[in-house]
Amino acid sequence: MSDRVVYRLDSLAAITMGVVLLIWAAPLTTLAGWPLPQAFLAGVGLFLVPWAGFNAWVAAQPSVPLRAARVHLAVDASWVLGSGALLVAYGPRMSGIGIAIVAAQAVSVLGVFSLKLLGVVRPR
């Protein structure tokens with residue numbers, strides 16, 4: 001899979017998830033069963049919308065700029081670690097659906113991180 005395709009798919013995932021979180025923050029907070037306020041999910045959604053734009057910009061470049069790739073790797077790694085921290089801190093109080101959602105998106109982001117990392121370490 002080409003680097004640009006990875007960033008295009010990440011852009012699509014980010015805008016989709018961002019919009020879903022902005023629109024359905026309250027019901028998703030209830031469904032997840034965690035004690036964090038719905039503003040937390042809305043804030044994540046608010047972050048993901050411009051993040052999707054950044055992904056789209058990277059995908060539109062002739063080749064992925066190394067600085068942009070490093071930013072992506074840092075943010076994706078932070079996302080996975082943050083998801084793990086949420087599961088440790090709030091997992092016992094979350095619903096099974098909430099745990100599954102956080103774990104599934106963490107695994108998905110880890111997969112995207114791996115693909116982006118391959119693009120950085122691959123000889124050019």
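I began with Ser11, which I found in helix α1 (residues 3-23); helices here are DSSP runs of H or I of at least four residues, strands being E runs of at least two, numbered from the N terminus. I noted that this is a predicted model, in which local features need pLDDT of at least 70 and side-chain atom pairs count only at pLDDT 80 or more, while totals for chains, interfaces and linings use all residues. Residues are numbered from 1 along each chain as its sequence is written, and side-chain values use heavy atoms, with hydrogens and water left out.

Is Ser11 buried or exposed? I have Ser11 down as buried, at 11% relative accessibility, where buried means under 20% relative accessible area, exposed over 50% and partly exposed in between, with a 1.4 Å probe and protein chains only. Setting aside neighbours within four places in sequence, I listed Ala52, Asn55 and Ala56 as the contacts of Ser11, a contact being heavy atoms within 4.5 Å.

Next I turned to the pockets. On a 1 Å grid over the protein atoms alone, a pocket is an open set of points where a 1.4 Å probe fits, with protein on both sides within 12 Å along at least five of seven lines, and lining residues have an atom within 4 Å of a point. The largest pocket holds about 390 Å³ of space, the volume being that filled by probe spheres set on grid points joined across faces, edges and corners. I counted 19 lining residues, with Met17, Trp34, Leu41, Trp79 and Gln105 nearest the centre of this pocket. Helices α1, α2 (25-32), α3, α4 (66-90) and α5 (96-121) each supply at least two residues of this lining, and α4 has the largest share, five residues. By class the lining has 14 nonpolar, five polar and no charged residues, where Ala, Val, Leu, Ile, Met, Phe, Trp, Tyr, Cys and Pro count as nonpolar, Asp, Glu, Lys and Arg as charged, and the others, Gly among them, as polar.

For the second largest pocket I noted a volume of about 290 Å³. This pocket is lined by 15 residues, and Asp10, Ala13, Ala14, Met17 and Val109 are the closest to its centre. Here α1 provides the largest share of the lining, five residues, and the classes are 11 nonpolar, two polar and two charged.

Of its 16 residues, Ala14, Leu21, Trp34, Leu41, Val44, Leu48 and Trp79 touch the most other members. Helix α3 gives the most to this core, with five residues.

Last came the aromatic pairs, in which rings of Phe, Tyr and Trp (its six-membered ring) have centres within 6.5 Å, planes under 30 degrees apart counting as stacked, over 60 as edge-to-face and the rest as tilted. I count four such pairs. Why is the pair of Phe47 and Trp51 stacked? The ring centres of Phe47 and Trp51 are 5.7 Å apart and their planes are at 20 degrees, so the pair is stacked. Both residues lie in helix α3 (residues 38-60), four residues apart, about one turn of the helix. Trp51 is buried, at 9% relative accessible area, whereas Phe47 is partly exposed, at 36%.

How values were computed
A nonpolar core is a set of buried Ala, Val, Leu, Ile, Met, Phe, Trp, Tyr and Cys residues joined through side-chain atoms within 4.5 Å.
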